[in-house]
Amino acid sequence: MVIKQVFLVLSITFALALSGCSRQQSDWEKTRTANTTDAYELFLKKYPSGEFTAQAQARVKELYEERDWQKARDTDTLDAYQGFLKQYPEGKWTEEARIRVENFTLAAAPSPPARAGAEAKPPDSAPPEAAAPPAASPKTAAPKIASKPAAAKAAGGSSAHAATKPQGTYGVQLGAFKSGSDAADKRWARLNKEYPKVLSGLSPKVSPKKGASGTLYRLQVAGLSEKRANTICKALKAQRQACVLIHT
């Protein structure tokens with residue numbers, strides 16, 4: 001009689017356990033189908049130490065990161081990306097956030113002084129060209145004509161500036177990577193595949209830059225006109241791709 005009672009208790013316990021597992025499995029499938037933070041958090045509240053608890057916790061973290069990354073991208077500011085990195089130092093979108101922080105930092109940096117020197121060269125080269133014909137040397141008309149571009153430039157004349165401004169001194173930066181130049185190469189391959197018309201005929205280079213946190217490998221394209229560089233960045237930014245205008 002006692003053996004029968006023990007067997008009955010064990011059978012009931014086993015049946016309850018199976019019922020609990022079956023109910024948890026069913027709730028887990030429903031939660032996965034809903035795939036929202038609210039659904040996963042409700043599941044975790046109901047099953048704080050169940051069979052699917054670890055999976056639910058991991059998925060909640062992923063969904064929150066996706067939500068916050070979308071907010072950072074929509075805001076698209078340096079502070080937004082830095083705030084995201086502070087909250088998710090080792091996440092799915094961490095590397096992309098670092099790239100965009102580097103791009104904003106580069107965009108805020110002052111232009112190299114060499115560019116100003118380059119603009120000053122054309123007026124200096126004008127007198128030798130004007131003095132080349134021997135017959136013009138006794139006259140004063142030639143030097144006066146040669147000096148007009150310099151005077152116009154000093155007065156802010158746009159036509160003189162356009163005539164002497166060098167071309168191909170602009171570029172674009174398409175990313176910056178801590179993991180090495182291979183990551184930059186892979187990003188170029190992906191961008192070139194997705195936007196072949198925008199990047200047609202361009203040759204990239206990887207420019208390393210040492211900093212306090214290590215070396216960043218910057219993916220850049222140089223030797224562009226200002227118009228081409230702006231067109232590229234405008235097209236890529238419209239597709240939510242990182243791009244910043246640089247002077248080479």
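Author: Let us begin with a definition: rings of Phe, Tyr and Trp, the last by its six-membered ring, count as a pair if their centres lie within 6.5 Å. In this predicted model, Trp28, Tyr40, Phe43, Tyr47 and Phe52 form one aromatic cluster.

Reader: How many aromatic pairs does the structure hold?

Author: The structure holds eight aromatic pairs.

Reader: How is a single pair described?

Author: A pair of aromatic rings is characterised by the distance of the centres and the angle of the planes. For Trp28 and Phe43, the ring centres are 5.2 Å apart and the planes stand at 55°, so this pair is tilted. Trp28 belongs to helix 1 (residues 2-34) and Phe43 to helix 2 (residues 37-46), so the pair ties together parts that lie 15 residues apart in sequence.

Reader: Is Trp28 buried or exposed?

Author: Buried means under 20% relative accessible area. Trp28 has 3% relative accessibility and therefore counts as buried. Phe43 is buried too, with a relative accessible area of 3%.

Reader: At roughly what angle do the axes of helix 3 and helix 4 cross?

Author: The axes of helix 3 (residues 53-75) and helix 4 (residues 78-87) cross at roughly 160° and come within 8 Å. Angles over 145 degrees count as roughly antiparallel, which means that helix 3 is roughly antiparallel to helix 4. Their crossing is left-handed.

Reader: Which residues make the contact?

Author: Helix 3 contributes Glu65, Asp68, Trp69, Ala72, Arg73 and Thr75, while helix 4 contributes Ala80, Tyr81, Phe84 and Gln87. Of these contact residues, five are nonpolar, two polar and three charged.

How values were computed. Residues numbered from 1 in each chain as written. Predicted model: local features only at pLDDT ≥ 70, side-chain atom pairs only at ≥ 80, totals over all residues. Heavy atoms only, no water. Axes fitted to C-alpha atoms, helices over the stretch in contact; angles between N-to-C directions. Helix = DSSP H or I, 4+ residues; strand = E, 2+ residues; numbered from the N terminus. Parallel < 35°, antiparallel > 145°, perpendicular 65-115°, else oblique. Left-handed = near helix turned anticlockwise from the far one by under 90°. Contact = heavy atoms within 4.5 Å. Nonpolar A, V, L, I, M, F, W, Y, C, P; charged D, E, K, R; others polar. Phe/Tyr/Trp six-rings, centres within 6.5 Å; stacked < 30°, edge-to-face > 60°. Buried < 20%, exposed > 50% of the residue type's maximum accessible area, 1.4 Å probe, protein only.
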